[in-house]
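Visitor: Could you walk me through this structure, please?
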Amino acid sequence: MTYISVRLPFAGTFPLTQGFGENPQVYRPFSLAGHEGLDWGVPTGTPILAVDAGTITKAYTIPGTDPKTNPYGLHLKLAHSWGETVYAHLSRVDVNLNDVVKAGQQLGLSGSTGNSTGPHLHFGLRLKGYDPKDGW
């Protein structure tokens, strides 16, 4: 069995506001069985940190996008040796496509962009081999 060890995507303590798989009735219209990540109630402007070293494979930095066509708003995806992570609803993205980052490096600032009801970080983690229709 393989184990991974990652840090939290922020410093400090913030409440978990929505867990993985919760609220299936909300996500069913998007062909999801439930919430596909973890949401933490972090205030706008909180530094968001890489949970592990990796390479930026997506950096969506265009503000003012329609939440229906871009539900994650400002967001990024980080590839790791063991899988990938996504950081969504940011107010600012501080990295660029193909940047190599270290664990704990600041990636951006939390916010409430995209399909969001208030400031929070949506964090997703996928291990290599995971495929449900290539989510994200």
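Guide: Let me begin with a term: a polar contact is a pair of N or O atoms within 3.5 Å, where within protein one must be able to donate a hydrogen and the other to accept it, and residues adjacent in sequence count only if both atoms are side-chain atoms. This is a predicted model, in which local features need pLDDT of at least 70 and side-chain atom pairs count only at pLDDT 80 or more, while totals for chains, interfaces and linings use all residues. Residues are numbered from 1 along each chain as its sequence is written, and side-chain values use heavy atoms, with hydrogens and water left out.

Visitor: Okay, which side chain does the side chain of His 80 make a polar contact with?
Guide: The partner is the side chain of Thr 85, at 2.7 Å, and the His 80 side chain also reaches the backbone oxygen of Leu 78 at 3.5 Å.

Visitor: And is His 80 buried or exposed?
Guide: His 80 counts as buried because its relative accessibility is 6%, where buried means under 20% relative accessible area, exposed means over 50% and partly exposed lies in between, using a 1.4 Å probe and protein chains only.

Visitor: Switching topic, what is the phi of His 89?
Guide: Phi of His 89 is near 70°, a positive value in a residue other than glycine, and His 89 is buried, with a relative accessible area of 4%.

Visitor: What about Asn 98, buried or exposed?
Guide: Asn 98 counts as exposed, at 56% relative accessibility, and Asn 98 has a positive phi of about 75° although it is not a glycine.
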